[in-house]
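The following report concerns a single protein. Please look at its sequence and its structure before reading further.

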Amino acid sequence: MSEVIENEEVKDIEIEFKPAVINILEEEKFKEYIDKIVTDYKGHVPNVDNLKVDRKTRAKLNGLMTSLEDRRKEIKKEINVPYTEFESWYKKAIKPMQDVTSTIDAGIKKIEAEQKEARKKVVHELLVELTTDTEVDSRIFENFVDDWAKASNFNDIKPKKQLIDSITYVIDGEKQKIDEYKENKDTISNFCFGNNVSDTPYIRMLDSGKSVSEVMSAISEDVLFEKQRKEAEERRKEAEKQRQAELEKQKQEYETRKLEESFNALPSHVGQENARALSQPEVVEHVKEEFDKKTEQSQIEISGTIVNEEPENLPNEKYMAVIEIYFSSIEEKNQWKQVMIDNGFGDFKATEFKKI
């Protein structure tokens, strides 16, 4: 059927309907009875002493309310009987027409859906065309397609200028966002490079939605923190270096002081010039070196006999070193000997001592 039904008047259903009449007999008497109950019990508050009576009163009033409600429902049901019968007849009568209407409606909706899909295809083609040779991904606008594909945006299947302008405007906005993102990314990367830090975590912050100012502020805070940390570490290392130097200085001063105390303990008649000469560290060190050298070349004295090999099973070995030292006096010799003993060189026994 290709023609539209016109000039056909849909007739109303001609039904004889007489509204039900409900007459309340002795209405005034009923109202008086209700008023009396309200007057008797309004404001009444049950108490422990009167609990048994209050329970009976409640049961009586509930029973009265139940009987009244039952009568109301009975009247309603009786009045609804004619309508229920009419409603059943009506639904059966219009069922064939509803089926025809549903078929037409389904056909129209199918065609409209197909037309909308065709319009959506046009929209997708427009998106691809307008984003070609750009960094914009046309798929990000999928949520807008249904609204853009409305029939009001098309002349049949041809898009209206207002639709093209709307799509172009949105795409241009996305281009601007991309350009701003690249610029912000470069700004962050350059700032990180200048401060010798990785830009990776800060680019992630930008990608997560943080503004470039927030990211730059975070970088500055991190750079300052790292700078302060390094400075504190350098100060700690310098303080440790100074502490070690001070300990070494104190150690040297202590050793020098001990040596000076040893010489200060010498008899007063010992020549000051000889005492100072013998107390010099280089003299002591020279004597030690000579002692070690002679020890390496030492021979073992056993029962007055000198041998070149180390005897076996000889307990308490003793080593003898021959060192030639010249003194100006016996006192000076004794002073030197005492200094050697105080500095850990052991005892000294002269094999020969003579005046020259």
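Which residues gather in a patch of negative charge on the surface? They are E27, E28, E32 and D35. Such a patch joins like charges within 9 Å, from residues with over 30% relative accessible area and no salt bridge; a salt bridge is a side-chain nitrogen of Lys or Arg within 4 Å of a carboxyl oxygen of Asp or Glu. Asp and Glu count as negative.

The model is predicted, with local features requiring pLDDT of at least 70 and side-chain atom pairs pLDDT 80 or more, while totals for chains, interfaces and linings use all residues. Residues are numbered from 1 along each chain, and side-chain values use heavy atoms, without hydrogens and water.

The protein has nine helices and four strands, these being DSSP runs of at least four residues (H or I) and at least two (E), respectively. D35 lies in helix α1, residues 27–41.

Aromatic rings of Phe, Tyr and Trp (its six-membered ring) pair if their centres lie within 6.5 Å; planes under 30 degrees apart count as stacked, over 60 as edge-to-face and the rest as tilted. The count comes to four aromatic pairs. The pair of F144 and W148 is stacked because the ring centres are 5.4 Å apart and the planes at 25°. F144 and W148 are four residues apart in helix α3 (residues 142–148), and therefore separated by about one helical turn. Ring pairs also link Y83, F86, W89 and Y90 into a cluster.

Relative accessible area separates buried (under 20%), exposed (over 50%) and partly exposed (in between) residues, using a 1.4 Å probe and protein chains only.

| Residue | Relative accessibility | Class |
|---|---|---|
| D35 | 47% | partly exposed |
| F144 | 41% | partly exposed |
| W148 | 5% | buried |

Buried residues make up 15% of the 356 residues in the protein.

Conventions. Patches are made of residues with over 30% relative accessible area and no salt bridge: like charges are joined within 9 Å, nonpolar side chains (Val, Leu, Ile, Met, Phe, Trp, Tyr) within 5 Å. Accessible areas come from the Shrake-Rupley method with a 1.4 Å probe; for residues, only the protein chains shown count as cover. The place of a charge is taken as NZ of Lys, CZ of Arg, CG of Asp or CD of Glu.
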